[in-house]
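Trainee: I am new to this. Can you show me how to read a few features?
Mentor: Gladly; here it is.

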Amino acid sequence: MFNYKDPGGTLKPGKALASYRQSLHEQYRFHAKNPNSAFTFLEAFQELPTGKVPQVDAVQWSAFPITASGNNTQIDEQRFRFQDEYVEWQVERTANSKVTQITFTTEFLEYYEALASVGVAALITGIKAVIPGANPTMVELFGPDFNPATSTAVGRASRFRSFAKQNPWNNGNKGILCLAQQFNTLGALFNLTGPAAIVNTSVPAGAICGTLNNLCGPNRNSDPSIATAVQNLARSKRDLSLRDPAGIEIFTLGGIWERNGAAIDINDSLNNGGLWAISRNGRRGVLKNAAGLTLDGDSITTGAQVASRLRVQARVVSAMEADMPEWSRIGQEASVRLNQVAAAGGAG
Amino acid sequence: MIRFSALALVLAFTTLSAQSIKKQARDGAPQLAMTSTELSVLGDPLFRLVLKTKPNEIRFDEVVRLLKGATGTEHFFVVDEKIIDPAIGQSRRAVIGFKGSNQGLVLVTNVMLSVIFDSNTVRPGFIEAWGWDKKLSRYNYYRLDKEGGTVSWKFRGSSIDADKLTQTQRNGTCMACHLNGGPVMKELPFPWNNWNSFQSQSLYLTPGGAGHWTIAEGSHLATLEGAESMETDFILPALKQFNGRRIEQLTKKNADGTASILDGKRALRSLFETTEFNAISSDAFSGLHPFQGSAPGLPSGVVKVPDTFFLNANLFAGGKVTQYQGLGIDQARDFALVLVVQPAEYRKLVNDAATKLNNRLGDSSFAWFVPEASHSDNHMVDRLIINGVITQQFAAAVLAVDVENPVFSLKTPALLQFIPKTFRFSPRDNDSVPTPHPDELTKAVIAALQATSPVAGSPQADFLALLKAPNPVTVLRQRVQAYLAREQAALANVATREAELNRLFDVVLSRRQEALTNPLFKQLNETGNLLFAVP
């Protein structure tokens with residue numbers, strides 16, 4: 001199996017990383033074996049001819065949920081209804097409702113499922129790595145009437161997932177860990193990328209999203225951006241995959257940032273006074289709302305306001321199909337080598 | 001001898017470097033030396049990082065390098081009315097933005113360049129540019145061209161008082177297109193018709209794309225981004241900043257805590273008149289673009305007509321990408337679902353109208369491409385409300401007069417005359433309670449309207465009645481709901497649908513014609529007959 005990286009750097013002990021890799025490999029395997037799809041295994045890019053380097057494209061989009069029918073306050077408060085661009089956030093306020101901090105996450109729930117599958121200690125250690133000082137109880141993490149100590153690994157992971165929207169360390173009451181909105185899943189990212197890699201010239205590439213049925217939300221920022229980019233790569237006779245570590249990275253904050261009237265390069269982590277910090281390999285971003293901080297001339301009043309200037313990205317790796325190993329090319333789903341790669345993680 | 005020649009070259013270069021850029025009021029006008037005083041006030045990044053010390057730097061690559069410095073980044077955007085056509089031998093317009101900072105100057109939204117390139121190279125000797133001068137709250141405009149015989153930079157004016165210029169005063173200046181003085185991006189909203197975007201990627205501009213242009217392999221196109229980034233990272237923030245400063249410049253703080261608007265008609269013009277326009281469309285490709293490289297076909301899907309075609313949904317409802325506070329009339333967004341044109345219906349509309357681009361039958365890249373109320377105007381109105389200059393009720397009263405014409409209204413401009421030269425208001429911020437209706441301005445306008453005894457049924461009479469209503473927002477909401485119900489009924493009924501479709505498409509065509517022929521706006525059509533498809 002490919003040596004998939006730990007995107008957050010906290011999948012410990014090794015069993016957690018192994019569990020995560022296994023779930024990831026299943027996604028790669030499912031879509032690499034999809035007939036006619038240019039999507040393939042990462043292993044294939046390690047077999048390019050000498051001198052051929054894979055191309056990495058960053059597909060970027062705005063974190064602001066363009067489909068949301070609510071105003072900024074409603075978008076903040078109804079996270080699981082509106083925040084559907086693979087970015088979710090928690091807004092912390094003072095007693096008189098002034099924003100103190102906004103925390104954005106793009107980490108997938110599957111990451112913490114892997115920790116939960118190993119055990120409570122691993123999960124809590126992982127949570128504390130993200131939220132220092134966190135002291136979650138079992139009920140907070142898994143809900144009532146559940147004993148993680150006697151449950152199976154699958155049972156713990158499943159329960160953690162199903163309770164993620166009530167978990168106060170994730171739903172914003174005490175913190176935010178990872179994505180939990182129904183469309184913001186690792187599986188959704190793969191389910192979009194794999195089918196979008198099937199060349200379909202019956203429509204312009206920019207309209208490919210509309211042909212993918214419920215796998216692609218045509219009115220969102222994220223899904224059409226990914227689908228169009230992937231379709232264009234496939235049309236350019238390139239085989240492709242989600243670059244390791246697969247996921248969504250926080251890229252930059254746009255807009256005009258000032259503090260007490262003085263311009264700030266908010267993305268310059270060395271000179272922004274610690275106001276904006278990205279961590280966990282681009283999976284987490286924290287904005288501290290210091291006195292006098294403004295965005296486009298306005299004080300910071302909601303997370304959605306900041307999200308409207310936040311860009312995130314997914315990276316797609318590709319190479320000309322002619323340069324790819326024979327076994328990974330379109331139409332080679334039955335090849336022995338492909339199935340060896342597919343089976344490397346277990347049942348294929 | 002060699003050493004002498006080298007010295008002579010150094011001396012010559014020093015002399016050239018010591019020169020400064022010239023100023024030129026308009027195309028063809030004399031190029032005049034700038035005084036030290038004039039030069040000393042230029043505070044934008046282009047001048048401070050490049051032209052101040054290297055006024056003779058005419059190489060695009062070097063200008064970009066000097067602007068970026070060690071830590072800034074280049075962001076390349078491409079627009080062209082024939083962007084859909086990958087054929088080699090054409091030229092394209094590029095807009096280059098920057099992020100990060102250089103020598104302590106934050107670059108994002110503060111400096112942009114525009115150049116022309118072909119399949120091989122950026123055209124030498126031509127750059128248009130603007131830079132934001134934070135201290136003076138103005139955009140400075142520059143142009144590198146060959147006017148005067150040799151390629152040189154010229155200062156081409158600033159945004160100060162741009163909105164006051166007459167058409168004659170604008171001719172040949174940057175303000176012929178920058179109508180209010182700020183940045184212009186006509187196709188600002190999704191799907192950014194004519195721009196390279198995620199929705200319409202120009203593969204020939206990417207190094208991995210089949211049949212890509214040679215220039216795509218260079219360093220500039222390596223920073224190619226979609227117009228969606230141009231919209232949210234550059235233009236929306238820039239205009240927001242600019243409008244905020246424009247209002248500040250028209251405002252005087254009073255000793256009693258109130259404030260006064262110094263030129264009421266100027267400050268409120270965006271509420272009554274179309275001072276700029278943007279262009280919106282459906283997200284469906286029309287399949288009818290004459291340069292699409294394939295035979296005319298059907299749209300790529302159903303044509304969902306945008307809500308902003310029917311009314312000013314962005315301002316009425318607020319929210320969404322533009323982040324307006326708005327008027328809280330959420331029903332305006334229901335218009336996004338009121339008209340879904342089937343592909344065959346759309347093709348018939350276009351064919352029946354016999355619209356043309358570049359004298360060839362067809363349609364724009366995206367279907368239902370039409371001018372809409374501009375972000376510049378809408379944000380100005382929203383900012384006036386947020387700042388307390390006007391109330392939501394006052395804005396609603398104006399907008400209710402002509403709900404169905406969100407752009408190029410013929411009714412509301414005539415109402416601007418009733419705005420007093422100056423008026424007081426209570427400044428507010430996000431948290432403060434708005435001044436109750438009717439405020440001082442509303443009372444003054446009511447008095448001015450009553451003094452003219454407006455004829456029943458006229459826009460003036462309607463405006464007066466609206467201002468006197470207990471809550472004009474409620475009246476506007478009722479008009480929106482009635483309009484919605486009427487459109488839904490007309491479009492749902494088989495007997496009336498075709499006629500209503502034809503009527504609405506006629507509205508599309510008339511707005512396109514207005515954009516192309518109105519003396520104020522026709523300068524924005526840089527390609528003759530490629531911007532809007534018209535009969």
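Mentor: Start with contact: two residues are in contact if their C-beta atoms, placed from the backbone, lie within 7 Å. Helices are DSSP runs of H or I, at least four residues, numbered from the N terminus. This is a predicted model, where local features need pLDDT of at least 70, side-chain atom pairs count only at pLDDT 80 or more, and totals for chains, interfaces and linings use all residues. Residues are numbered from 1 along each chain as its sequence is written, and chains are lettered from A in the order in which they are written.

Trainee: Which helix do the buried residues of H11(A) pack against?
Mentor: They pack against helix H1 (14-32) of chain A. Buried means 20 or more other C-beta atoms within 10 Å of a residue's own; exposed means 12 or fewer. In H11 (residues 336-343) of chain A, the buried ones are A:Leu338, A:Val341 and A:Ala342.

Trainee: Why do the buried residues line one face of H11(A)?
Mentor: An α-helix has 3.6 residues a turn, so residues three or four places apart point the same way. In H11(A), the buried residues fall within an arc of 100° seen down the axis, so they line one face. The arc is taken from the directions from helix axis to C-beta atoms. On the other side, A:Val336, A:Gln340 and A:Ala343 are exposed.

Trainee: Which residues of H4(A) meet H5(A)?
Mentor: A:Tyr112, A:Leu115, A:Ala116 and A:Val118 do. Their partners in H5(A) are A:Ala122, A:Leu123 and A:Gly126.

Trainee: And in chain B, which residues does B:Ala395 touch?
Mentor: Leaving out residues up to four places away in sequence, B:Ala395 touches B:Leu271, B:Leu327, B:Val381, B:Ile385 and B:Ile390.

Terms used
Helix = DSSP H or I, 4+ residues; strand = E, 2+ residues; numbered from the N terminus.
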